[in-house]
Amino acid sequence: MENRFDLYDLPEGHEARFEARLAARRVQRRRRRVVLQCLAAAAAVGLIVWLCLPGGQSHFRHANSPEAVYEAYLEQIGELYRLLATNSDDPSVDWESVIQEMTDEAIPLYEQLPDELSDKEKTAILKDYYGGILDDATQLQEEMKRKHNPSL
């Protein structure tokens with residue numbers, strides 16, 4: 001049995017309509033590919049920026065409440081004091097005084113925040129404030145390491 005396309009001529013304009021549909025699909029696929037590539041690139045850039053951003057956010061990635069932020073801050077300052085205890089053999093700089101001046105609070109900001117603020121607002125304020133202190137502490141920690149081990 002033979003195919004109808006083999007026996008009869010194609011209707012007028014059939015080939016042009018077929019090519020137009022084919023071209024439209026190609027354009028659609030190309031657009032999708034470009035959009036997906038752009039989205040992938042934007043996601044990669046966003047991830048890199050998020051991971052590399054300086055500031056308080058990197059110190060408190062898993063802290064989602066004011067209490068968790070303050071606890072993480074105290075833990076990281078405790079680590080700094082432990083580092084100081086193991087590297088305090090440099091008499092030229094009084095590291096303990098420097099750290100204490102930088103971190104000492106008569107009344108912690110955590111306790112000073114008004115109750116009217118939501119937990120989300122309190123968390124953001126604490127991350128910003130304590131994150132700045134921890135950024136400075138990180139720089140101080142690097143300086144301590146350099147003084148203790150000049151080959152770094």
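**Entry 1**

I looked up L36 and found it exposed, at a relative accessible area of 56%. My cut-offs are under 20% relative accessible area for buried and over 50% for exposed, with partly exposed in between (1.4 Å probe, protein chains only). The model is a predicted one, so I note that local features need pLDDT of at least 70 and side-chain atom pairs count only at pLDDT 80 or more, while totals for chains, interfaces and linings use all residues. Residues are numbered from 1 along each chain as its sequence is written, and side-chain values use heavy atoms, with hydrogens and water left out.

L36 sits in helix 2. I took helices (H or I, at least four residues) and strands (E, at least two) as DSSP runs, numbered from the N terminus. With V35 and L39, L36 forms a nonpolar surface patch of about 300 Å² accessible area together. Patch members have over 30% relative accessible area and no salt bridge; like charges are joined within 9 Å, and nonpolar side chains (Val, Leu, Ile, Met, Phe, Trp, Tyr) within 5 Å. The areas are Shrake-Rupley values with a 1.4 Å probe, and for residues only the protein chains shown count as cover.

**Entry 2: the chain**

I read six helices and zero strands in the protein chain. The pattern along the sequence is α-α-α-α-α-α. Of the 152 residues, 22% are buried.

**Entry 3: the positive patch**

I listed the members of a positive surface patch: R17, R21, R25, R26, R29, R30, R32 and R33. Lys and Arg count as positive here, Asp and Glu as negative; His and the chain ends are not counted. The place of a charge is NZ of Lys, CZ of Arg, CG of Asp or CD of Glu. I then picked R26, which belongs to helix 2 (residues 14–52). R26 is partly exposed, with 49% relative accessible area.

**Entry 4: the salt bridge**

How many salt bridges does the structure hold? I found one. The term requires a side-chain nitrogen of Lys or Arg within 4 Å of a carboxyl oxygen of Asp or Glu. Side chains of opposite charge can pair when their charged atoms come close. The pair here is E79 and R82, at 2.6 Å, N to O. Both residues lie in helix 3 (residues 66–86), three residues apart, about one turn of the helix. E79 is partly exposed at 46% relative accessibility, and R82 is partly exposed at 48%.

**Entry 5: A85**

I stayed in helix 3 for A85. A85 is exposed, with a relative accessible area of 59%. Between A85 and E96 I noted 11 residues in sequence and 8.9 Å in space, C-alpha to C-alpha.

**Entry 6: E105**

Is E105 buried or exposed? I found E105 buried, without a salt bridge; K122, the nearest side chain of opposite charge, is 15 Å away. E105 lies in the loop between helix 4 (95–103) and helix 5 (109–112). A polar atom of the E105 side chain is 3.2 Å from the backbone nitrogen of L109. I count a polar contact as a pair of N or O atoms within 3.5 Å; within protein, one must be able to donate a hydrogen and the other to accept it, and residues adjacent in sequence count only if both atoms are side-chain atoms.

**Entry 7: helix 6**

I looked up E121 in helix 6 (residues 119–148). E121 is partly exposed, at 42% relative accessible area. A polar atom of its side chain lies 2.9 Å from the backbone nitrogen of S118. E121 and P66 are 55 residues apart in sequence, with 8.9 Å between them in space, C-alpha to C-alpha.

T123 is also placed in helix 6. T123 is buried, with a relative accessible area of 5%. The T123 side chain reaches the backbone oxygen of D119 at 2.7 Å.
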